[in-house]
Amino acid sequence: MKYISTRGQSPQMSFCEVLLSGLATDGGLSMPKEYPQISAATLDAWRRLDYPSLAFEIMRLFIDDIPEEDLRFLVNKTYTAEVFGSAEITPLRTLKDGLHVLGLSNGPTLAFKDIAMQFLGNVFEYVLSKQSQTLNILGATSGDTGSAAEYAMRGKYGISVFMLSPHNKMSAFQRAQMYSLQDENIFNIAVEGMFDDCQDIVKNIQSDLAFKEKYRIGTVNSINWARILAQVVYYFKAYFAVSDHNEQRVSFCVPSGNFGDICAGHVARMMGLPIGRLVVATNENDVLDEFFQSGQYRPRAAREVAVTSSPSMDIAKASNLERFVFDLVERDTVQMRALWAEVAAGRGFDLQTKKIAMQQQFGFTSGRSTHGQRIDTIRAVYAEDHEVIDPHTAAGVYVARQLSQAGETMICLETALPAKFEETIREALGADFAVPRPSRWDNIEQAAQRVQVMPNNADAVKMYLRENLDKIID
Ligand SMILES: *Cc1c(COP(=O)(O)O)cnc(C)c1O
């Protein structure tokens, strides 16, 4: 399998090259040259597989530069009951009204990002050691990505993580989860600013190509193709969990931010998985809902982004949407360059003429929720099902219930556990409500924390990187 850029001006790459490179050299995103097509007979054979075996079968179709026995070793090492709480890895449950919920948040940091990031940690370590190289991951987080990356990379040979987070802006639990890590290869940097300031610092440092090369700076952000690929697996697993033959169609509703999670659903559908609809659920930051309703993509300015009770979906633009639009315009790279030139100029674009194709050919539809609707949904699910869902999953459940059609089998993806967002759960279920928390996190807020507070200044962060990395390089 070769990978091409959505902008059409980068050389083709192999999986491992894509893994380590981030953006393509022309500024586009890497995409598989074609989607492997899965026959009905193959689907039947895959029904019986356990999670790691299914992951192996799917990934080997996209990875031809890691020997199969090594890939099998990597997925077996990643997808264990020990790391994800059960041999099923992604258990499925059904609410009283028939809506299915796919449990994706039983990994180390209690959000779905662990499923891809744990694989990324193992495959990074493998590829770097083969190449006798090291990588220093630099990232910015508003909470979930940073902790998933740190728990995936901690103690890994040849990898360090420098993670910027906004000082005092994350929940107490999220802070404790990240800052309590004492591993020598994990560096938490709390920037005196907002999440966008952290992201600007990362971009600033990455645009210094000499620095980036000398200090071997890499990323694990959501445009990383390996993350999307790892997420494709659970769409298949969930499909098999609710169907018993391949004539059945199943729809998915996905709480969305950067369009990474649902992009994996699009890939699964393009491979021939019988997916009916792919429902994009947004919060008040509804740039994606607007796109799927109107065909207009209008990225917001950072200052227009509302801070909501589903913070991991608070986005101004959805980076991975470029991957879907690439397929939508039939992989016309001239048009892609024109569209993203508009985005770069701060304007956006209009694909109204493609609205019918989005829905009928690609199965997409969308909805949005407000804070009040998510709170009501958390209450309703608790009242009917005695189950606590987190505010992001609630955004999905709300939209799934609004849009699901008679006879449609719908699976809502659970993107985090409520323990990460206790404040919102207490708002919904009462100030004294004991939010369920896996016991390994008891009293995490009291653990010693290891974090460097720094001014909102790229040069200061660069200096800090230099000091720490010169020691390692010497
Ligand atoms: C990252 C995240 C999302 C959004 O996922 P995308 O892949 O960016 O669309 C939704 N919910 C939670 C809890 C997250 O951590």
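Author: Happy to, and one convention comes first: angles under 35 degrees count as roughly parallel, over 145 as roughly antiparallel, 65 to 115 as roughly perpendicular and the rest as oblique. The model is predicted, so local features need pLDDT of at least 70 and side-chain atom pairs count only at pLDDT 80 or more, while totals for chains, interfaces and linings use all residues. Residues are numbered from 1 along each chain as its sequence is written, and side-chain values use heavy atoms, with hydrogens and water left out.

Let's start with the helices, which are DSSP runs of H or I with at least four residues, as strands are runs of E with at least two, numbered from the N terminus. Helix α7 (residues 144–153) packs against helix α8 (residues 172–179) at about 25°, and their axes are 9 Å apart. Axes here are lines fitted to C-alpha atoms, for helices over the stretch in contact, and angles run from 0 to 180 degrees between N-to-C directions. α7 and α8 are therefore roughly parallel to each other. Their crossing is left-handed, meaning that the near helix is turned anticlockwise from the far one by less than a right angle (clockwise would be right-handed). On the α7 side, Asp144, Gly146, Ser147, Glu150 and Tyr151 meet Gln174, Gln177 and Met178 of α8, where contact means heavy atoms within 4.5 Å. Sorted by class, this contact has 2 nonpolar, 4 polar and 2 charged residues. Ala, Val, Leu, Ile, Met, Phe, Trp, Tyr, Cys and Pro count as nonpolar, Asp, Glu, Lys and Arg as charged, and the others, Gly among them, as polar.

Now to the salt bridges, each a side-chain nitrogen of Lys or Arg within 4 Å of a carboxyl oxygen of Asp or Glu. The count comes to 25. In one of them, glutamate 322 pairs with arginine 7, with the closest N and O atoms 2.8 Å apart. Glutamate 322 sits in helix α14 (residues 321–328) and arginine 7 in the loop between β1 (3–5) and α1 (15–21), so this pair ties together parts 315 residues apart in sequence. Glutamate 322 is buried at 4% relative accessible area, and arginine 7 is buried at 16%; buried means under 20%, exposed over 50% and partly exposed in between (1.4 Å probe, protein chains only).

Arginine 60 meets glutamate 57 in a salt bridge at 3.2 Å, N to O. Both lie in helix α3 (residues 51–60), 3 residues apart, about one turn of the helix. Arginine 60 also bridges to glutamate 68, at 2.9 Å between the closest N and O atoms.
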